[in-house]
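Hi,

Here is the structure I promised to pass on to you. Have a look at it first, and then read on for what I found in it.

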Amino acid sequence: METGDLSERLGSRDPAVGLRAVGALHRLAEQVEAAAVARAREQGWSWEQIGDALGVSRQSAHAKYGK
């Protein structure tokens, strides 16, 4: 789903279309967040710094993305 298509679907008056678009948006946000966390770790950021940037605890960030 392209970004323009996603925007159009989010504004749909059909709830089924809108809800599917919201699901796609959530999945996209998760992918973008994971990539940003990986870059931060590659650059030496601590879990505390990452948690602060995401608005969560360091433990939550580590539990979600730590390996």
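Let's start with Val 37, which sits in helix H2, the stretch covering residues 15–42. Please keep in mind that this is a predicted model. Is Val 37 buried or exposed? Its relative accessible area is 6%, so Val 37 counts as buried, because the cut-off for that word is under 20%.

Which residues does Val 37 touch, once neighbours within four places in sequence are set aside? The contacts are Trp 47, Ile 50, Leu 54 and Tyr 65.

Now for the whole protein. You will find 4 helices and 0 strands, so to speak an α-α-α-α order when you read from the N terminus. Along the principal axes, the C-alpha atoms fill a box of roughly 45 × 20 × 20 Å. The radius of gyration is 15 Å, while a compact globule of 67 residues would have a value near 11 Å.

A few totals go with that picture. Of the 67 residues, 19% are buried. Among contacts with a separation of 6 or more, 16% are between residues 24 or more positions apart. The protein exposes about 5100 Å², and 52% of that comes from carbon and sulfur atoms.

Last, the charges: there are 9 positive and 9 negative side chains, and the centres of these two sets are 4 Å apart.

Enjoy exploring!

Methods
Residues are numbered from 1 along each chain as its sequence is written. This is a predicted model: local features need pLDDT of at least 70, side-chain atom pairs count only at pLDDT 80 or more; totals for chains, interfaces and linings use all residues. Side-chain values use heavy atoms; hydrogens and water are left out. Helices (H or I, at least four residues) and strands (E, at least two) are DSSP runs, numbered from the N terminus. Buried means under 20% relative accessible area, exposed over 50%, partly exposed in between (1.4 Å probe, protein chains only). Contact means heavy atoms within 4.5 Å. The radius of gyration is taken over C-alpha atoms; the globule rule is 2.2 Å times the number of residues to the power 0.38. Accessible areas come from the Shrake-Rupley method with a 1.4 Å probe; for residues, only the protein chains shown count as cover. Lys and Arg count as positive and Asp and Glu as negative; His and the chain ends are not counted. The place of a charge is taken as NZ of Lys, CZ of Arg, CG of Asp or CD of Glu.
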